[in-house]
Amino acid sequence: MMRLVTLVLAAILVVLPQTVSAETKALIIASNYEIADNPAIELANPLADAILLEAALRRTSVNDVTVLREPTAEDWEAGLEAFVAGLEPDDIALFYYAGHGFQVGGVNYFLTADGESLISLDLIMQRLTSAARGAVVIVDACRSNPFAMADDMEEFRAVEVTGSTRQLVALSVDDLADAASGLAQLGNLRGLSAVVLFSTEPGNVAEDGDTPGLGSPFARAFSEQITRRQSLDEAMRRTAVEVNMATDGRQSPWRQGDLPFNVFIAGMRALPIP
């Protein structure tokens, strides 16, 4: 009888997904665009989103949390460089961004806090996945396009945050004004090196929140779910359901990619569920 129980337990362990016990390190970047010259691009809640997530993560097993508030292109470069340099090969890199995001020609960009430069999400993904065992990227950046009515032909820098090459391409305000709604799927996401959770589905616009300082619907839901003893998969799924309900179906968080192991930010349940 004991041999039978042992064989059954062994079989269960074989089919259970691998659980990761490596350290999770987090980088949170948020911009309300208070330092930008153009008041039309200001948002009410990204900095509040950062406060919510930082407080939530500090209630979990994540001890290494870095927060960049209102970063310029130089701040992005220095912050990301330092974060990547601190990653070990077995670490999980958790990256959270709240602010403006655009897709131009199928490429996703984040807008720096001064409103002058664009940061490529694809390049961030490359940096994170090359340095860590896995990357968890949370993007609450599909807010409405403030350049949709613009007629200025000023150019924006699309910056490669590598510490060496800075200028990639020049995009005009017209390029951003004509940008498709929301963000695009990541075309170069391959293998099982990263999972990305967007605050809404491709092509849709995410809500910033009705009350300044209280956070976006997505940030409130994700910050609550990340503190529970459940897998990251469960946290993402429950976040999506909660946001969809809170916005009356206007916004449905969407996931792309996967990891070959379970990640538990706040710890495992008392009894793992097969």
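1. A nonpolar core is a set of buried Ala, Val, Leu, Ile, Met, Phe, Trp, Tyr and Cys residues joined through side-chain atoms within 4.5 Å. In this predicted model, the largest such core has 35 residues, and F95, F110, L128 and V137 are those with the most contacts inside it. Helix α4 (residues 121–131) supplies the largest share of this core, 5 residues. Apart from it lies another core, of 31 residues, which includes L53, V243, L259 and F261.

2. On the overall architecture, the protein chain contains 7 helices and 11 strands. Its 274 residues include 52% that count as buried. Of the contacts with a separation of 6 or more, 74% are between residues 24 or more positions apart. The accessible surface of the chain is about 12,400 Å², and carbon and sulfur atoms account for 53% of that area.

3. With residues up to four places away in sequence not counted, L128 touches L80, F83, V84, A93, F95, A135 and V137. Two of these partners, F95 and V137, are listed with L128 among the residues with the most contacts inside the largest core.

4. Strand β3 (92–98) is largely enclosed by the rest of the structure, because 7 of its 7 residues are buried. I92, L94, Y96 and A98 point one way from the strand, while A93, F95 and Y97 point the other way; all are buried. This arrangement may be read against a general rule: in a regular strand the side chains alternate between the two faces of the sheet.

5. The pairing of β3 involves β1 and β7. β1 and β3 pair in the parallel sense over 7 bridges, with T24 standing opposite I92 in β3. β3 and β7 likewise pair in the parallel sense, over 7 bridges, and here Y97 stands opposite V139 in β7.

6. Is K25 buried or exposed? K25 is found in strand β1 (residues 24–30) and has 8% relative accessibility; it counts as buried because this value is under the 20% cut-off. The side chain of K25 reaches the backbone oxygen of G86 at 2.5 Å. Not counting residues up to four places away in sequence, K25 touches D64, F83, G86, L87, E88, D91, I92, A93 and L94.

7. Helix α2 (residues 46–57) has 12 residues and reaches 16 Å from its first C-alpha to its last, close to the 16 Å expected at 1.5 Å a residue. Since 9 of those 12 residues are buried, α2 is largely enclosed by the rest of the structure. The buried residues are P46, L47, A48, D49, A50, L53, E54, A56 and L57. They pack against β1, β2 (64–69), β3 (92–98), β7 (134–140) and α6 (217–225).

8. Helix α7 (residues 232–246) has 15 residues, which should span 21 Å at 1.5 Å a residue; the end C-alpha atoms are 21 Å apart, in agreement. Its buried residues are L232, E234, A235, M236, T239, A240 and V243. The elements covering them include β7, β10 (194–198), α6 and β11 (254–258). For the spacing of such positions, the general rule is that an α-helix has 3.6 residues a turn, so residues three or four places apart point the same way. After α7 comes D248, whose phi is positive, near 55°.

Methods
Residues are numbered from 1 along each chain as its sequence is written. This is a predicted model: local features need pLDDT of at least 70, side-chain atom pairs count only at pLDDT 80 or more; totals for chains, interfaces and linings use all residues. Side-chain values use heavy atoms; hydrogens and water are left out. Helices (H or I, at least four residues) and strands (E, at least two) are DSSP runs, numbered from the N terminus. Buried means under 20% relative accessible area, exposed over 50%, partly exposed in between (1.4 Å probe, protein chains only). Contact means heavy atoms within 4.5 Å. Accessible areas come from the Shrake-Rupley method with a 1.4 Å probe; for residues, only the protein chains shown count as cover. A polar contact is a pair of N or O atoms within 3.5 Å; within protein, one must be able to donate a hydrogen and the other to accept it, and residues adjacent in sequence count only if both atoms are side-chain atoms. The expected span of a helix is 1.5 Å times one less than its number of residues. Two strands pair if DSSP finds at least two bridges between them.
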